Amino acid sequence: MQRRAYAPAAALVAALLAAVLAACGGSAGGHGGNDDAKTGHTGSTAPAGEPGKYHSLPEPCGYVNRDTLRRMLPTGDDESDPEVQKLYRGQAAITYDTDRRVGCRWKLETPEGTRHLSIDFERVVSYQPGVSDDDRAKELYARQAAAAKIPDASASATPSATPSSPAASAGTHPQGGAATGSPSAPASPSASGSPSADPRFLPRVLDDLGDDAFIDDKLVTAAAGVHRDIAIVFRSANVLVSIAYDQWTADRQHIPTSEDLQGKAHGLAKELDAGHFGN
């Protein structure tokens, strides 16, 4: 009989314990699957950083105008050719989260040489309390500019003029700061990594793309020939855009010029910047 008297008390304790556990489980539930949800660190009084302007990214291979691809990757062949169609469709980069990073690349091979083009979009999200998405993107941009050893705009002795290209003179994408006169003199191919000898085309800050931008130019010699590599990186709010464009040739007497490649790459950058990315 005494054992029966304690049974209701034990049942009450078990019920209360179950209720407490259920309440804890509910409060520890998920964050709704939103990878961009930002809160301060546990115990931190700092507010979450301001979210960025862009919340998604475009489909990269279809974001580039077909006429732009024709200029940068001239095949000289009938566009109805399946191989040409395949070339211009591009190949999407493999990423784990297409809301945060996407890219596309193209490759043109001809008897005269090879051209590569790639674009990359990165949507930056800051999870550091008190640091906005834009500020975090600024930090990442600054690291890339420092790694490329791009002179600061205020310290540069040369203007950040942008060359005109044959495409621009034909009435296509306008190039900022058009250069006049004869094409730039090619840099000596014996110095690996040397930029253009013409000061107009040296690595520099660009002032007509996004919020921050720079262009880099390298001439590299290799056993297979000579290639000029152009890189443009620009930031628009919380999105970083990177363009890589190069041309390889086995003919060391006809080195790809900075004026041509920089002009085309810059035209593409302006096109991407004007597209306003994702929403």
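The protein holds 6 helices and 7 strands, where helices (H or I, at least four residues) and strands (E, at least two) are DSSP runs numbered from the N terminus. As a predicted model, it contributes local features only at pLDDT of at least 70 and side-chain atom pairs only at pLDDT 80 or more, while totals for chains, interfaces and linings use all residues. Residues are numbered from 1 along each chain as its sequence is written, and side-chain values use heavy atoms, with hydrogens and water left out.

Of the 279 residues in the protein, 40% are buried (under 20% relative accessible area, with exposed over 50% and partly exposed in between; 1.4 Å probe, protein chains only). Helix α6 is mostly covered, with 15 of its 17 residues buried. This helix spans residues 258-274 and reaches 24 Å from its first C-alpha to its last, close to the 24 Å expected at 1.5 Å a residue (1.5 Å times one less than the number of residues). After α6 comes H276, with a positive phi near 65 degrees.

Strand β7 (residues 239-249) includes T249, a buried residue with a relative accessible area of 7%. Between T249 and A224 there are 8.1 Å in space, C-alpha to C-alpha, and 25 residues in sequence.

On the surface, D77, D78, D81 and E83 gather in a patch of negative charge. Such a patch joins like charges within 9 Å, or nonpolar side chains (Val, Leu, Ile, Met, Phe, Trp, Tyr) within 5 Å, among residues with over 30% relative accessible area and no salt bridge (a side-chain nitrogen of Lys or Arg within 4 Å of a carboxyl oxygen of Asp or Glu). D77 itself sits in the loop between α2 (66-72) and α3 (82-89).

Key: Accessible areas come from the Shrake-Rupley method with a 1.4 Å probe; for residues, only the protein chains shown count as cover. Lys and Arg count as positive and Asp and Glu as negative; His and the chain ends are not counted. The place of a charge is taken as NZ of Lys, CZ of Arg, CG of Asp or CD of Glu.
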